[in-house]
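Please look at the sequence and the structure shown below.

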Amino acid sequence: MKSEDGEGMQMGNFDDLDEELRDILSELGNIGTGNAVTSLAEMMGHSFEIKAPKLRFVKYQDIFQSMGIRDELQAGILVDVLGELRGMFLFLMDESFSRAVLEQMLEETAEDLTELTEMQVSLLRELGNIICGSYLRALSCLTGLETDVAVPDLCIDMAGAIMGVPLARHLKVSDNILMIENEFHMGNQSFVGRILFWPEADTLSAVVERLKG
């Protein structure tokens with residue numbers, strides 16, 4: 001893809017992936033889920049189930065309609081990705097999911113998610129880091145591209161506000177967002193967590209090239 005003035009470098013786009021390559025990329029969900037289950041079990045000290053994930057490509061203008069959570073309070077853990085794979089991962093948890101994790105791990109109730117203690121913030125950051133890291137390692141495994149992550153950032157706000165920054169930052173790269181939906185099971189409770197990935201321009205190109213190769 002080139003800019004309208006004909007200048008600018010060639011770059012990949014998720015639209016460039018044919019059905020076979022999309023199926024290959026869908027393995028990201030299976031590998032990432034396996035990584036996440038192992039890491040979460042170690043973190044929480046007991047078994048933690050995750051159903052087979054749903055991986056899809058969503059147009060940025062359809063993202064809120066697809067999730068239906070624009071005006072819902074969410075805990076968003078943003079992880080900047082560095083190295084050969086660069087971009088941003090975002091893990092979204094709703095109020096009930098966030099409260100359940102805090103109660104399970106710290107045996108205390110979070111009365112107001114906007115006023116968390118330092119320990120509660122640290123726990124949610126680590127959870128998001130583990131989840132995003134699990135899928136990032138899977139993506140690195142599929143493409144052979146090396147990667148690293150920055151310290152995760154936690155934002156408690158409406159989903160629309162949380163996603164404003166990554167949407168504005170990466171819209172110029174592609175109007176496609178890679179979204180992975182997971183159903184998490186904790187005892188007799190189930191929750192949905194959403195992971196979104198916005199790659200930088202050269203990373204998107206490299207991912208497409210590696211999958212085609």
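Which residues in H3 are buried? They are Phe 97, Ser 98, Ala 100, Val 101 and Leu 102, where buried means under 20% relative accessible area, exposed over 50%, and partly exposed in between (1.4 Å probe, protein chains only). This is a predicted model, in which local features need pLDDT of at least 70 and side-chain atom pairs count only at pLDDT 80 or more, while totals for chains, interfaces and linings use all residues. Residues are numbered from 1 along each chain as its sequence is written, and side-chain values use heavy atoms, with hydrogens and water left out.

Helices (H or I, at least four residues) and strands (E, at least two) are DSSP runs, numbered from the N terminus. Helix H3 has twelve residues, 95-106, and at 1.5 Å a residue it should span 16 Å, which agrees with the 16 Å between its end C-alpha atoms; the expected span is 1.5 Å times one less than the number of residues. The buried residues of H3 pack against strands S3, S4, S7 and S8 and against helix H4. Just after H3, Glu 107 takes a positive phi of about 55°.

Helix H4 contains Ser 134, which is buried at a relative accessible area of 0%. Leaving aside neighbours within four places in sequence, Ser 134 is in contact (heavy atoms within 4.5 Å) with Gly 32, Asn 35, Ala 36 and Ser 39. Its side chain reaches the backbone nitrogen of Ala 36 at 3.3 Å.

Strand S8 holds Ile 195, which is likewise buried, at 0% relative accessibility. Its contacts beyond four places in sequence include Phe 89, Ile 131, Tyr 135 and Leu 178.

Key:
A polar contact is a pair of N or O atoms within 3.5 Å; within protein, one must be able to donate a hydrogen and the other to accept it, and residues adjacent in sequence count only if both atoms are side-chain atoms.
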